[in-house]
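Trainee: Could we go through this structure together, slowly, with one question at a time?

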Amino acid sequence: GPDQWHKNYPIAKGHHQSPIEINNKEVHYDRSLLPWFASYDPGAAKTILNNGKTCRVVFDDSFDRSVLRGGPLPGVYRLRQLHFHWGSSDDHGSEHVVNGVRYAGELHLLHWNPKYSNYLDAVRRTDGIAVLAIFLQVRKTPKPEMKRILEEINAIKTKGKEAPFPNFDPSILFPKSHDYWTYHGSFTTPPCEECITWIILREPITVSSDQMAKLRSLSKNAENEPELPLVDNWRPTQPRHYRMVSASFL
Ligand SMILES: NS(=O)(=O)c1ccc(C(=O)NCc2cccc(O)c2)cc1
Ligand SMILES: [Zn+2]
């Protein structure tokens with residue numbers, strides 16, 4: 001579990017780890033922060049897979065085809081994959097916690113800085129990766145745009161299963177407001193590299209309890225192994241140490 005990770009990845013006890021608690025009292029409004037923009041090509045979407053840890057959609061990142069720019073970022077970052085974190089029930093599952101509020105889940109859209117030769121090079125750099133994080137909030141009126149991903153879940157029930165996932169523009173998942181918090185942190189799973197500029201949207205997207213149950217129907221075992229539900233794939237919050245969390249909004 002997370003408390004053991006530091007044995008193989010000492011950086012897991014570093015001073016720039018993620019996720020963290022975001023508390024209004026400690027956030028600094030930064031009026032110089034720019035709006036962020038996503039320009040995604042739906043044709044870049046390739047496959048959806050269950051890797052035993054999460055449900056991931058993978059995109060073609062062989063050129064600047066789907067990019068995130070603006071906000072706190074110095075240039076364009078290439079979309080590589082998106083994935084989710086969720087709990088075993090609707091009252092928890094997100095990784096970041098806002099003023100004590102845990103959401104049912106958290107969507108991460110992972111982008112890397114093409115000034116580095118490839119992804120693995122980028123993960124060794126403090127400005128290598130940008131993750132756009134969007135909270136999933138359970139409401140009676142779900143977001144219809146989540147349907148496409150959740151319909152594919154049946155095709156990737158067990159670890160190692162992958163299915164084609166063409167023609168998908170993940171920006172349809174975005175909430176109305178682009179207000180965000182940003183801070184410097186790490187991967188929330190091993191190798192816990194401290195290479196991520198986090199951009200966390202203030203406005204959650206709404207999913208239904210049934211949609212969350214669909215995510216929880218995934219298994220972390222392979223097809224011919226005993227069933228182990230894939231739930232609670234979130235890391236507990238880490239010490240903030242002396243990091244500033246900036247807000248793009250008052
Ligand atoms: N939850 S997260 O967005 O922080 C996250 C995103 C991507 C990854 C990831 O790509 N892990 C595999 C990996 C990363 C860096 C170097 C490696 O050798 C493997 C892990 C966590
Ligand atoms: Zn993640």
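Trainee: Where is His241 found?

Mentor: Bear in mind throughout that this is a predicted model. His241 has a positive phi of about 55 degrees although it is not a glycine, and with 30% relative accessibility it counts as partly exposed. As for its place, His241 is found in the loop between α4 (209–216) and β15 (245–247).

Trainee: Is Cys192 buried or exposed?

Mentor: Cys192, too, is a residue other than glycine with a positive phi, here of about 60 degrees, and it lies in the loop between β12 and β13. Buried means under 20% relative accessible area. Because the relative accessibility of Cys192 is 0%, this residue counts as buried.

Trainee: Which residue does a cis peptide bond join to Pro191?

Mentor: Pro191 has its place in the loop between β12 (180–185) and β13 (196–201). The cis peptide bond there has an omega of about 15 degrees, and the residue that it joins to Pro191 is Pro190.

Trainee: Which protein residues are donors of the zinc ion (ligand 2)?

Mentor: Along the chain, the donors of the zinc ion (ligand 2) follow the spacing H-x1-H-x22-H. His83 lies in strand β7 (residues 77–86) and His108 in strand β9 (residues 105–112), so this pair ties together parts that are 25 residues apart in sequence. Lying 2.0 Å from the zinc ion, the protein donors are His83 (NE2), His85 (NE2) and His108 (ND1).

Trainee: What is the geometry of the site of the zinc ion (ligand 2)?

Mentor: Four donors count as tetrahedral if all angles lie between 85 and 135 degrees. The angles among the four donor atoms of the zinc ion (ligand 2) are 100 to 117 degrees, so by that rule the site is tetrahedral.

Trainee: How far is an oxygen atom of ligand 1 from an N or O atom in the side chain of Tyr119?

Mentor: Ligand 1 is surrounded by 15 residues, and Tyr119 is one of the closest, together with His83, His85, Thr188 and Thr189. A nitrogen atom of ligand 1 is 2.8 Å from an N or O atom in the side chain of Thr188. For the side chain of Tyr119, the distance from such an atom to an oxygen atom of ligand 1 is 2.7 Å.

Trainee: How many residues does the largest nonpolar core have?

Mentor: In soluble globular proteins, nonpolar side chains tend to be buried together. Here Cys55, Leu82, Phe84, Leu109 and Ile149 have the most contacts inside the largest nonpolar core, whose number of residues is 42.

Methods: Residues are numbered from 1 along each chain as its sequence is written. Chains are lettered from A and ligands numbered from 1 in the order in which they are written. This is a predicted model: local features need pLDDT of at least 70, side-chain atom pairs count only at pLDDT 80 or more; totals for chains, interfaces and linings use all residues. Side-chain values use heavy atoms; hydrogens and water are left out. Donors are N, O and S atoms within 2.8 Å of the metal (3.2 Å for Na, K and Ca); water is not among the atoms, so sites may look incomplete. Four donors count as tetrahedral if all angles lie between 85 and 135 degrees; four count as square planar and six as octahedral if opposite donors are over 155 degrees apart and all others between 65 and 115; anything else is irregular. Helices (H or I, at least four residues) and strands (E, at least two) are DSSP runs, numbered from the N terminus. A nonpolar core is a set of buried Ala, Val, Leu, Ile, Met, Phe, Trp, Tyr and Cys residues joined through side-chain atoms within 4.5 Å. Buried means under 20% relative accessible area, exposed over 50%, partly exposed in between (1.4 Å probe, protein chains only). A residue is near a molecule or strand if one of its heavy atoms lies within 4 Å of it. A polar contact is a pair of N or O atoms within 3.5 Å; within protein, one must be able to donate a hydrogen and the other to accept it, and residues adjacent in sequence count only if both atoms are side-chain atoms.
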